[in-house]
Amino acid sequence: MEGQEPVGGPEPTGGQQPVAEQDAFTRWVYGRPFFGGLWLTLGGAWILLTMKASVKVVLHIGMQGVAGYLLPTLMVLLGLLILFSPEQRLFYSITGVLISMGTWITSNLGGFMVGLLLGVAGSVLTFGWLPEQDPRVSRRERHGPARPATQDGPATDTGHQGTDTPTAQTVTAAGVPRAAQ
C-alpha cells in the first residue's frame, strides 16, 4: 500500500506555534505570570464587592472598618503590579498571600472564602512561575523512537586502516592518562 498515510493519520507537528505566528497579546500573556496576577486581582475585587458597609459607616467604626477595604484594595493593586511589572513577582506574591490571609479577619471571612482562596491561589501561581522556561516535552518526544541495543564484545573492523588512527590512552589510578601499550 504505497503512498498511503499510516492508520493513525499524519504525525503531529508539535503543540507550540512559532513565536512569529503568535499574536502580541499571546506573547504578552506567556511572558508573565498572567493567571496568578489575574486570580489575585479577582480575589481582591470579589472581597470588595462583598463588603456591605458604606464609607460613612466604615469611617465611624474606625481602623477595623478601614482595614476591611484596605486589604482587598491592596490585593487588587498587587495583582495589577504582577501583571504589569513581573520582575518583582516574588515580593508581590509573598505580600499577596499574607494580605489575602489577613482578609479572613477583616473582610467577611475573606469574601466568604472565595476571595481569600482566589488571592492565595493567584499568589502561589505567581510565586511558582518561571520565566523563559522551555515548553514541556512528552516522554515519547524526549526519548525518540526505540533504538536497537548495542552488543558487548570485540569491536568489528571499521574498514579504516593506516597509521593516522589516534592512539588509545588509559587512565592510571592517579587519574593521569598514559599511552596504551
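Predicted model: local features only at pLDDT ≥ 70, side-chain atom pairs only at ≥ 80, totals over all residues.
Residues are numbered from 1 along each chain as its sequence is written, and side-chain values use heavy atoms, with hydrogens and water left out.

**The chain overall**

The chain has eight helices and two strands; helices here are DSSP runs of H or I with at least four residues, strands are runs of E with at least two, and both are numbered from the N terminus. Reading from the N terminus, the order is α-α-α-α-α-α-α-α-β-β. Of the 181 residues, 27% count as buried; buried means under 20% relative accessible area, exposed means over 50%, and partly exposed is in between, with a 1.4 Å probe and protein chains only. Take the contacts (heavy atoms within 4.5 Å) between residues at least 6 apart in sequence: 70% of them join residues at least 24 apart.

The buried residues of α2 include Phe34, Gly36, Gly37, Leu40 and Ile47. As a group, the buried residues pack against α1 (24-30), α4 (63-84), α5 (89-106), α6 (108-112) and α7 (114-128).

Two packed helices are described by the angle between their axes and the distance between the axes. Axes are lines fitted to C-alpha atoms, for helices over the stretch in contact, and angles run from 0 to 180 degrees between N-to-C directions. Here are two of the partners:

| Helix pair | Axis angle | Axis distance |
|---|---|---|
| α2 and α7 | about 160 degrees | 7 Å |
| α2 and α4 | roughly 160 degrees | within 8 Å |

So α2 is roughly antiparallel to α4, and α2 and α7 are roughly antiparallel too; that label is for angles over 145 degrees, with under 35 roughly parallel, 65 to 115 roughly perpendicular and the rest oblique. The crossing of α2 and α7 is left-handed, and α2 also passes α4 in a left-handed crossing. Left-handed means the near helix is turned anticlockwise from the far one by less than a right angle; clockwise would be right-handed.

On the α7 side, the contact with α2 involves Gly115, Gly119 and Gly122, among others, while α2 brings residues including Gly36, Gly37 and Gly43.

**The aromatic cluster**

The structure holds six aromatic pairs. Rings of Phe, Tyr and Trp (its six-membered ring) pair if their centres lie within 6.5 Å; planes under 30 degrees apart are stacked, over 60 edge-to-face and the rest tilted. Phe25 and Phe34 are edge-to-face, 6.2 Å centre to centre with 85 degrees between the planes. Phe34 and Phe35 are also edge-to-face, because their planes sit at 80 degrees, with ring centres 5.1 Å apart. Phe34 is buried at 15%, Phe35 partly exposed at 49% and Phe25 exposed at 53%. Ring pairs link Phe25, Trp28, Phe34, Phe35 and Phe84 into a cluster.

**Asn108**

Asn108 is found in helix α6 and is partly exposed at 34%. Beyond its neighbours within four places in sequence, Asn108 contacts Thr50 and Met51.
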